[in-house]
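I opened this entry to keep track of what I looked up, one topic at a time.

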Amino acid sequence: MTTGHITVIGGGLAGLTAAIACAESGVRVKLYEAHATLGGRARATAAPHIAHDGAHVFYADGPHYTWLRKRGFVAGLGWPSIRDAGGLGFRVDGRLRRLPPVRMLRAQARFDLTAPVDVEFRTWASNRWGETTAGQLANAISVVTYDADTGRLSAAFVWDLVQRALGPRVPAIRWVRGGWQMVVDRMAARAVELGVVIETGSRVTELSTAAGPVIVATELASARGLLHDDTLIGTSGHAALLDFAVHSRPGDRTAVFDLDEGGYHESYTMQDDTIAPPGQSLFQLQMPVRHKESHADAHRRLAIFADAVVPGRCDRMTFSRTAIAKGRTGALDLPGRTWRDRPAVERGDGLFLAGDMVAAPGMRGEISINSALHAAASAVKDLESRRIRAW
């Protein structure tokens, strides 16, 4: 075992991944989490209504998922039934329909296309399929970007998301029964098993690499303050969120893409009936906040959307909460930029970054995991170099 230890700041998905990866290499690890509980945006509310603070699906088409699956963190998957799949819908011109417009379907099917990095998606897609279809594609994929103007982002970035989530190939979506909180609990247990020292309720305000490398696995804004580095900035989404549970009723929509305004509605319980009391359905909805729009106005638009997809919801409500997600919904790449242009994982002098807005591929939580694995490998190498120099 090497001397010294690696410090991980932040106990969310990135921090836990980094801590586990480092500990598996045989080094000592200390993890500090400012909150009383681990999980970051993977946290969820307590039973009987287990609603997530962030996204709640995994995509099984990348190295991040291979790493999770190999360790059993994503065991026990839930799947929607055929009946639930029939609840899919799209809001187009203010009306709900079962299928998206034909022109949009044709565009989605073009998996053979490669979009340019240096052109905004709106311009590229409009030139191919017209402004209306381009807008609908952008609004459909707002479920991933949490952004009211997804069309302004890099065409390559958006088109990759469209193909992964809405393309002709079967999406690699996976739901873990019990949600991300279950995954966090498994990761935390594995970290403890490996000997990681975890201190919750411990906010770090100053950094020191004297005892060993440090991995900062916090939101980018927090990392900016810790590292005193004003260059640590990035583009992320801004959305109003609504979780609610109702007594179930036939005909309630299970998933609706809002092609008019970029909203999204999905049932948690269609694939996992353990996260709400029997006879109840639990939903999460989001509505991207427009430029200069107040949060109150965004929530009003979201409420209108909710009333449309779950009629009579207020009379059946058993649980409800609202929130705003700003700058904490994963990195978004503007024209001319790719994931390689985001803040680097390796900061020099034994400091490393991990999180969903740094230089690693993927979307949202995938970026956290991939960046954490990179940071862990580099930190272990740095610690070993220190040991060799000490000889």
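I began with Val 8, which stands opposite Ile 215 in β9. The model is a predicted one. I then looked up how β1 and β9 are joined: strand β1 (residues 5-9) and strand β9 (residues 214-216) run parallel and share 3 bridges.

Next I traced the sheet that holds these strands. I noted an open sheet of 6 strands, in the order β8-β2-β1-β9-β16-β15, and its pairing is mixed. I wrote down the edge strands as β8 (197-200) and β15 (346-348), since each of them pairs on one side only. From one strand to the next I have an average twist of 20°. As background, I noted that strands of a sheet pair through backbone hydrogen bonds, either parallel or antiparallel.

Then I asked which strands helix α10 touches. Helix α10 (residues 220-227) packs on the sheet and touches β1, β9, β15 and β16 (351-353). The direction of α10 makes about 165° with that of β16. I also looked up helix α13 (residues 365-390), which lies across β1, β9, β15 and β16. For α13 the angle to β16 is about 170°.

I turned to a pair of helices. Two packed helices are described by the angle between their axes and the distance between the axes. For helix α5 (residues 121-129) and helix α6 (residues 131-140), I have axes that come within 7 Å and cross at roughly 135°. The two helices, α5 and α6, are therefore oblique to each other. I recorded the crossing of α5 past α6 as right-handed. On the α5 side I listed Phe 121, Arg 122, Ala 125, Ser 126 and Trp 129, which meet Glu 131, Thr 133, Ala 134, Leu 137 and Ala 138 in α6. By class, I noted 6 nonpolar, 2 polar and 2 charged residues in this contact of α5 with α6.

I also checked the backbone for exceptions. Most residues other than glycine have a negative phi, and most peptide bonds are trans. I found a cis peptide bond from Ala 47 to Pro 48, with omega near 15°. Pro 48 is placed in the loop between β2 (28-33) and β3 (58-59). I found that Lys 292, although not a glycine, has a positive phi of about 70°. Lys 292 is in the loop between β13 (280-288) and α11 (295-309).

Last, I looked at the whole chain. I have 13 helices and 16 strands for the protein chain. Its radius of gyration is 21 Å, close to the 21 Å that the globule rule gives for 391 residues, so the protein chain is as compact as a globular protein of that length. I noted that the C-alpha trace spans about 70 × 50 × 40 Å along its principal axes.

Conventions:
Residues numbered from 1 in each chain as written. Predicted model: local features only at pLDDT ≥ 70, side-chain atom pairs only at ≥ 80, totals over all residues. Heavy atoms only, no water. Axes fitted to C-alpha atoms, helices over the stretch in contact; angles between N-to-C directions. Helix = DSSP H or I, 4+ residues; strand = E, 2+ residues; numbered from the N terminus. Parallel < 35°, antiparallel > 145°, perpendicular 65-115°, else oblique. Left-handed = near helix turned anticlockwise from the far one by under 90°. Contact = heavy atoms within 4.5 Å. Nonpolar A, V, L, I, M, F, W, Y, C, P; charged D, E, K, R; others polar. Pairing = 2+ DSSP bridges. Rg over C-alpha atoms; globule rule 2.2 N^0.38 Å.
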